[in-house]
Amino acid sequence: MNHVRLFSGSEITTLAVKDILEENNIEFILRDDIQSAISAGFGSADKAVHVFVYSQDLAKAQQLLLDNNINE
């Protein structure tokens, strides 16, 4: 099984995405480029937190985001 990117956004919006996925038992991985940049001493760009889901869960996860008015 491989992961595909579902969403990229701010830390705050990503928290909402995380909650929706958890409520619907969809496994995900977060990649937080903001924290990585801070650790390295650099600034960070907008949309620096990425959410990945298994490819077979992508369609369901995308629909959940649409139903909750969350977009990139």
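1. S8 lies in strand β1, where strands are DSSP runs of E with at least two residues and helices are DSSP runs of H or I with at least four, both numbered from the N terminus. At 5% relative accessibility, S8 counts as buried; the term buried stands for under 20% relative accessible area, exposed for over 50%, and partly exposed for what lies in between, with a 1.4 Å probe and protein chains only. The S8 side chain makes a polar contact of 2.6 Å with the side chain of H50, and a polar contact of 3.3 Å joins it to the side chain of R5. A polar contact here is a pair of N or O atoms within 3.5 Å; within protein, one atom must be able to donate a hydrogen and the other to accept it, and residues adjacent in sequence count only if both atoms are side-chain atoms.

2. A word on the basis of these remarks. This is a predicted model, in which local features need pLDDT of at least 70 and side-chain atom pairs count only at pLDDT 80 or more, while totals for chains, interfaces and linings use all residues. Residues are numbered from 1 along each chain as its sequence is written, and side-chain values use heavy atoms, with hydrogens and water left out.

3. On the overall architecture, the protein chain has three helices and three strands, which follow one another along the sequence in the pattern β-α-β-α-β-α. Of its 72 residues, 31% count as buried. Among contacts with a separation of 6 or more, 70% come from residues 24 or more positions apart, a contact being heavy atoms within 4.5 Å.

4. The largest nonpolar core has twelve residues, namely L6, F7, V17, I20, L21, I26, V51, V53, A61, L64, L65 and I70. A nonpolar core is defined as a set of buried Ala, Val, Leu, Ile, Met, Phe, Trp, Tyr and Cys residues joined through side-chain atoms within 4.5 Å. The elements that give two or more residues to this core are β1 (3–9), α1 (11–23), β3 (49–54) and α3 (58–67). One of the core residues, I20, touches L64, L65, N68 and I70 when residues up to four places away in sequence are not counted.

5. In α1, T14, V17, I20 and L21 are buried. Seen down the axis of α1, these buried residues fall within an arc of 115°, so they line one face of the helix; the arc is that of the directions from the helix axis to the C-beta atoms. What covers the buried residues of α1 includes β1, β2, β3 and α3, whereas I12 and E23, on the other side of the helix, are exposed.

6. A search of the whole structure finds two salt bridges, a salt bridge being a side-chain nitrogen of Lys or Arg within 4 Å of a carboxyl oxygen of Asp or Glu. In one of them the side chains of E72 and R5 meet at 2.9 Å, N to O. E72 lies in the segment after α3 and R5 in strand β1, so the pair ties together parts that are 67 residues apart in sequence. Both ends are partly exposed, E72 at 45% relative accessibility and R5 with a relative accessible area of 43%.

7. K18 forms a salt bridge with E22, and the closest N and O atoms of this pair are 3.6 Å apart. The two residues are four residues apart in helix α1 and are separated by about one helical turn. K18 is partly exposed, with a relative accessible area of 27%, and E22 is likewise partly exposed, at 41%.

8. Two backbone values may be worth a look when the model is inspected. Most residues other than glycine have a negative phi. N25, however, has a positive phi near 55° and is found in the loop between α1 and β2 (28–32), where it counts as exposed at 70% relative accessibility. N69 also has a positive phi of about 55° although it is not a glycine; N69 lies in the segment after α3 and is exposed, with a relative accessible area of 69%.
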